Every structure is written in structure tokens, then in C-alpha cells.
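Here is a friendly note to read with the structure open beside you. Please take the points in order and find each residue as it comes up.

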Amino acid sequence: MALLTDLLNLNLSDHTDKIIAEYIWIGGSGMDIRSKARTLPGPVTDPSKLPKWNYDGSSTGQAPGEDSEVILYPQAIFKDPFRRGNNILVMCDCYTPAGDPIPTNKRYNAAKIFSHPDVAAEVPWYGIEQEYTLLQKDVKWPLGWPLGGYPGPQGPYYCSAGADKSFGRDIVDSHYKACLYAGINISGINGEVMPGQWEFQVGPAVGISAGDELWVARYILERITEIAGVVLSFDPKPIEGDWNGAGAHTNYSTKSMRDDGGYEVIKKAIEKLGLRHKEHIAAYGEGNERRLTGRHETADINTFLWGVANRGASIRVGRDTEKNGKGYFEDRRPASNMDPYVVTSMIAETTILWKPT
């Protein structure tokens, strides 16, 4: 076993200029993260200098067997915390051989919105709070929970320490450091209200980079839980009953919101979001109706309301934002399994580009 570890930890840069690039993309379900590796002749830091690649889309639910080739376009580069050295992770999106984005390529439309001059001028910032649940591999039951049974009720687990309250910290800390190594702007972690549930935050990130960074952070977490023999769940309500669900609260601000007088801009933006509540809910993740029940720090899925420091609202404005008259707000509606390309670009489109009739 020591030999295997030695080989895994080989520093290639001592012996060759060649590097390994792990190409990452999103599969047909919209939540399955796929990847494969290739050798390149030397270090690369610009995604436009990377070769396009392809894969069998019929094996990922993204193309028919008789015309199965899907083309990977490299879009963002991160350092590889697993292979280290000059090796890289490459976030890609997916196209037909003719150059058209395939239906599951949500990044393409998001990039169009973020490149719109009116959106780019507002420099939209995002901070995404990604909640997730760690499950025991063979029984798909939360980590630290008694098999076939339940722990004590919620209360002592949030941001806790102790062997009877905190489960999976080694995975969480490994992920934290791996993301920092990769160059992801991960801004923090914490234990969540339901035992076995955790959160990491990505941001502030500008525009399309928020989606790229969150997807690669998810990929890194999938790899770490694979090593640990633990199952990673982004289900928005993994355990039915009086247990908190899992969301991906999305914090947002524009240049106008961050400048003096920004609070009025924030209120107008929230009003727009309320007018398009149903459209946003439809795009904010599968199974979200099981989470947005009006209990457990959420507003009911059919209700739109906002408030200052109100964690039971659809949109929460912080006390500092109210006090300073400028800042950001938090959209609490997105589910843990949302697509960050969809959610971030939709918030920008609604609040900056959309004109109510």
C-alpha cells in the first residue's frame, strides 16, 4: 500500500514538462459531474490555449448512440489538488460537433447574460452558500446517525464541536484546503442544523466565475468523499420530518447596490424578483417543494416575502445593509441541487435587464 501512495504522490515536474489536465463537465441529469484526463506537453494557464476534446454523449444521457460525439470547450482552469504540481482541473461546457450548445449546457446562456454590456457594467457579485449532506455509503443514512434510527432533535449540531455532535469534519476540512489550493474563492465552512449536514461558501465571485468555481468545488468534494468512502448528497430534503433541508442561498449585489443609495436599488430589485417568483422557483432546483414548506427557516414555495434579518423570508436583507444604506441581499430560495449558472444569471437578468410591463 505504501508503494501505491508513493506513486500517487509522484512529483512529475521533477522528471517531465508534461502535465495532466482533468476535463470536467456536467452530465445529462444536470447534477452528475463527469471528468476524464489527458496529457498535455506543458503547463497551461489560459483556457483558450487548451485543446477542445470530446466524449461519448450516449453514455451520459446527452446524445443518441448513432450520433454520440459531444465536444468539450475548456472555459476555466484550476490547480489540481489531487495530482498537484503543474497539473490542472479544467471546467468545460458542451457542444455539438457543429458548434451548437447542447440542451444541458446551461453555461452558454449564462455567459451571454453576463457579457451583456448593462450586466457587465454592474459587476454582479455572488456568494453562494452550498449546503450538502454526508451519507454512510452502504445504507445511505446520514453520517453519525444510528443505523435505522435517529439522533436527538436539532439544536446542538449547528456550528458544533464534539464526537456526539459533529460528523465528517475531516472531509470538510480536506475540501476547504483543497479548494483554496485549487484557486477557488471559498470563503468559509460550517456545520449545519441537521447532523451530518455541512455548508461551504464560494465567493465573492463576479459573474460567470461564480458558476465555474461552485461546480469545481462540488467536483472536488465528490472526489474527497469518494476517497473517504462516504456518499455526497445534494438532495434538498434528504430526511423527511422535522429536519432542516439543504439549500444554496445566493448572496447578490451589483455596483449600484454597493454604492451610496444602494438600498433603494436593492428594494427595486427585490420587487422585480417577487414579480417573477414562479419562474425563479421553477429554475431553482429539483425537489425544492419538499424543502420550501414554510418551516425550517424557509418561506413557503408559493409565497414571496422579504425582510431584514428574517431567515423565514424568500429574500433576506442583512442588518448592515439596512444600516449602511447599501450592500447586498440573500436569495434563500435556491435548493442545494440548483445549477449556479442558471440561478446567478437569472438573478442578474431579472434585476438588471428585465423591464416589467
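1. **A loop to start with.** Val123 sits in the loop between helix H3 (117-122) and strand S6 (125-136). Helices (H or I, at least four residues) and strands (E, at least two) are DSSP runs, numbered from the N terminus. Val123 is not a glycine, yet its phi is positive, at about 40°. With a relative accessibility of 30%, Val123 counts as partly exposed. On this scale, buried means under 20% relative accessible area, exposed means over 50%, and partly exposed lies in between (1.4 Å probe, protein chains only).

2. **What you are looking at.** This is a predicted model, in which local features need pLDDT of at least 70 and side-chain atom pairs count only at pLDDT 80 or more, while totals for chains, interfaces and linings use all residues. Residues are numbered from 1 along each chain as its sequence is written, and side-chain values use heavy atoms, with hydrogens and water left out.

3. **Another positive phi.** Arg84 is also a residue other than glycine, and its phi is near 60°. You will find Arg84 in the loop between S4 and S5. Its relative accessible area is 37%, so Arg84 is partly exposed.

4. **A cis peptide bond.** Now look at the bond from Gly203 to Pro204: this peptide bond is cis, with omega near 0°. Pro204 belongs to strand S8 (residues 197-206).

5. Domain 1 brings 17 residues to the contact and domain 2 brings 20 residues, where contact means heavy atoms within 4.5 Å.

6. **How much area is buried between them.** The size of an interface is often given as the accessible area lost when the parts come together. Here domain 1 and domain 2 bury about 1,700 Å² between them, and 78% of it is on carbon and sulfur atoms. Buried area is the accessible area (1.4 Å probe) that two parts lose on being put together, summed over both. On the domain 1 side, Met31, Phe78 and Phe82 lose the most area to domain 2, together 38% of what that side buries.

7. **What the interface is made of.** Between domain 1 and domain 2 there are two residue pairs in polar contact (both at pLDDT 80 or more). A polar contact is a pair of N or O atoms within 3.5 Å; within protein, one must be able to donate a hydrogen and the other to accept it, and residues adjacent in sequence count only if both atoms are side-chain atoms. Strands S1 (19-26), S2 (33-40), S4 (69-79) and S5 (88-95) each give two or more residues to the side of domain 1 that touches domain 2.

8. **Salt bridges.** Side chains of opposite charge can pair when their charged atoms come close. How many salt bridges does the structure hold? There are 17, counting a side-chain nitrogen of Lys or Arg within 4 Å of a carboxyl oxygen of Asp or Glu. Across the interface of domain 1 and domain 2, however, the rule finds zero.

9. Asp80 and Arg83 meet in a salt bridge at 3.5 Å, N to O. Asp80 is buried at 0% relative accessibility, whereas Arg83 is partly exposed at 30%. Glu264 and Lys267 pair at 3.1 Å, N to O; they are three residues apart in helix H7 (residues 262-275), so about one helical turn separates them.

10. Not counting residues up to four places away in sequence, Thr321 touches Tyr263, Ile266, Lys326, Gly327 and Tyr328.
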